[in-house]
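Subject: Structure for you to look at

Hello,

I am handing over the structure we talked about, with the sequence alongside. Please open it first and keep it in view while you read the notes.

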Amino acid sequence: MERIDKILSGAGLLSRKEAKEAAKKGRLTVNGVNVKSTDAKISETDILMLDGIEVNRQKLFYIMMNKPAGYICSTDDPSAATVMSLISESDLRRGMFPVGRLDKYTVGLLLISNDGVLAHELLAPKKHVTKRYFFRLEAPYDNRYTDLIEKGITLDGGVTAKPAFVSMISDTEGYISVTEGMFHLVKRIFEAAHNRVIYLKRTEFGPLKLDDNLAEGEYRFLTEEEILALKFVHMN
Ligand code: URA
């Protein structure tokens, strides 16, 4: 059993105050009957409607993982260890999948969720969600590539990457921000700059920052603030 206002706010539809107002205006029904009080509790099988539209009560879950190397971002691949296998039975929910991919050897921030709508929005090319990575290169970075990378460097196969931003912290280490989801993008950018990435870790995904307390292979559920920040990206 769950309170009506909690269901509505949990679904991201109305705040508790707004739910109260909506009830007063006759916008809410439970099993076809208008509800007056939004602190009444209803069961899983009751049908809650807002303005005649059923409220989707499937619970949405969001996990931040610090992906370790050697795991692939897939829900089921019998030939390889997947990131999903790192989630305990009790935390795993039906329909969960990695939102965006990190390649097998890349570590760091990975979002895992059962929220298909949000995933679709976050991954949509038009949203330009920024992904930030820490990288280590095989050879010292040649600054002469910076302009090219910032304009959009041409990758193998002739595709041009969108502008990306590099900030070095030593000869061989730095951060790069990209907005595309192209496979092996960062590694391909540095290959085009005649170098090679030997370590890659995602530290940011849109508004999310990798929690320093998570060791590789560990995960935690997102906080309310983090979920709201992601939804804000989704709305804009
Ligand atoms: N770029 C890469 O090369 N690998 C990733 O996993 C993500 C971006």
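Overall layout

Please keep in mind that this is a predicted model. The protein has 236 residues, of which 43% count as buried. Its secondary structure consists of six helices and 15 strands. The C-alpha trace spans about 70 × 35 × 30 Å along the principal axes.

The ligand

The ligand sits in the second largest pocket. Which residues are around the ligand? They are L102, D103, T106, Y133, H184, L185, V186, K187 and L200. Helix α5 gives the largest share of this shell, with three residues.

Several polar atoms of the protein lie by the ligand. The side chain of T106 has an N or O atom 3.3 Å from an oxygen atom of the ligand. On the backbone side, V186 places a polar atom 3.0 Å from a nitrogen atom of the ligand. L185 has a backbone N or O atom 3.4 Å from a ligand nitrogen atom. The ligand taken alone exposes 240 Å², and the protein buries 95% of that.

The salt bridge beside the ligand

Two of the residues around the ligand, D103 and K187, also form a salt bridge with each other. The closest N and O atoms of this pair are 3.1 Å apart. The pair links distant parts of the chain, the two residues being 84 residues apart. K187 belongs to helix α5 (residues 185-192), while D103 is in the loop between β8 (97-99) and β9 (107-113).

Other salt bridges

How many salt bridges does the structure hold? The count is 13. As background, side chains of opposite charge can pair when their charged atoms come close.

One of the other pairs is D142 with R144, where the closest N and O atoms are 2.8 Å apart. D142 is partly exposed at 26% relative accessibility, whereas R144 is exposed at 71%.

Another pair is E226 with R220, with 2.9 Å between the closest N and O atoms. Here E226 counts as buried, with a relative accessibility of 15%. R220 counts as partly exposed because its relative accessible area is 22%, which lies between the 20% and 50% cut-offs.

There is also a network of salt bridges, which links R132, E204 and K209.

Two residues with positive phi

Phi of D51 is near 50°, which is a positive value in a residue other than glycine. D51 is in the loop between β5 (48-50) and β6 (53-54), and at 47% relative accessibility D51 is partly exposed.

H128 likewise has a positive phi, near 50°, and is not a glycine. The place of H128 is the loop between α3 and β10 (131-137). Its relative accessible area is 43%, so H128 counts as partly exposed.

Two distances across the protein

L122 is in helix α3 (residues 116-123) and is buried, with a relative accessible area of 2%. From L122 to T45 the C-alpha distance is 31 Å, and the two are 77 residues apart in sequence.

Y199 lies in strand β13 (residues 197-205) and counts as partly exposed at 26% relative accessibility.

Where to begin

If you want one place to start, take D103: it is among the residues around the ligand, and D103 is also a partner of K187 in a salt bridge.

Regards

Notes: Residues numbered from 1 in each chain as written. Predicted model: local features only at pLDDT ≥ 70, side-chain atom pairs only at ≥ 80, totals over all residues. Heavy atoms only, no water. Salt bridge = Lys/Arg side-chain N within 4 Å of Asp/Glu carboxyl O. Helix = DSSP H or I, 4+ residues; strand = E, 2+ residues; numbered from the N terminus. Buried < 20%, exposed > 50% of the residue type's maximum accessible area, 1.4 Å probe, protein only. Near = heavy atom within 4 Å. Polar contact = N/O pair within 3.5 Å; in protein donor to acceptor, adjacent residues only side chain to side chain. Areas by Shrake-Rupley, 256 points an atom, 1.4 Å probe, with all protein chains shown as cover. 1 Å grid on protein atoms, 1.4 Å probe; cavity = no way out; pocket = protein on both sides within 12 Å on 5 of 7 lines; lining within 4 Å. Sits in = over half its atoms within 2 Å of the grid points.
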